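This briefing concerns one protein chain, shown below. Please keep the structure in view while reading the points that follow.

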Amino acid sequence: MHLQDQGYGVEKGIPTTLIAATSFDNIVGITLFGIFADIAYNSVGTKTKSPAQTVGINTYQIATGVAMGFVIGAVVGVALKKCKNWMLLKLFVILLLLG
């Protein structure tokens, strides 16, 4: 961020790309940690789900979350183009209830 303030790489969008890549890296790390923690905790104690079932459920949850993110993002994008200032509060409340 210090280099961005000095203007290095701003014209090519390098700081923005680095921030996006870092965010994606964090998402992948947190997701994999969740999967492995779920496998570890399910393998202790009583026999519950197999590791394949755990990975399948987590994959389903990730895909559903991504799909819902796209749907909600599309709805918000369309709503922001068509709404008036007073509707922004309503949109905020709807997003808060969905979230």
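Helices H2 and H3 cross in a right-handed manner (a crossing is right-handed if the near helix is turned clockwise from the far one by less than a right angle, and left-handed if anticlockwise). The model is a predicted one, in which local features need pLDDT of at least 70 and side-chain atom pairs count only at pLDDT 80 or more, whereas totals for chains, interfaces and linings use all residues. Residues are numbered from 1 along each chain as its sequence is written, and side-chain values use heavy atoms, with hydrogens and water left out.

**The packing of H2 and H3**

- Helix H2 covers residues 14–42 and helix H3 residues 51–82; the two pack at an angle of about 145°, with their axes 10 Å apart.
- Here the axes are lines fitted to C-alpha atoms over the stretch in contact, and angles run from 0 to 180 degrees between N-to-C directions.
- On the H2 side, the contact (heavy atoms within 4.5 Å) is made by Thr31, Ile35, Asp38, Ile39 and Asn42.
- On the H3 side, Pro51, Thr54, Val55, Asn58 and Ile62 take part.
- The residues of this contact comprise 5 nonpolar, 4 polar and 1 charged.

- H2 has 29 residues and spans 42 Å from its first C-alpha to its last, close to the 42 Å expected at 1.5 Å a residue (1.5 Å times one less than the number of residues).
- H3 has 32 residues and spans 47 Å, close to the expected 46 Å.
- Pro15, Ile35, Ala37 and Asn42 are the buried residues of H2 (buried means under 20% relative accessible area, exposed over 50%, and partly exposed in between, with a 1.4 Å probe and protein chains only).
- In H3, the buried residues are Thr54, Asn58 and Val76.

**Selected residues**

- Asn58 belongs to helix H3, and this residue counts as buried because its relative accessibility is 10%.
- Asn58 touches Ile35 and Asp38, when residues up to four places away in sequence are not counted.
- Leu32 lies in helix H2 and counts as partly exposed because its relative accessibility is 41%.
- The C-alpha atoms of Leu32 and Val55 are separated by 9.9 Å, although these residues are 23 residues apart along the chain.

**The chain as a whole**

- The chain contains 4 helices and 0 strands (DSSP runs of H or I with at least four residues, and of E with at least two, numbered from the N terminus).
- Of its 99 residues, 9% count as buried.

Technical notes: Nonpolar A, V, L, I, M, F, W, Y, C, P; charged D, E, K, R; others polar.
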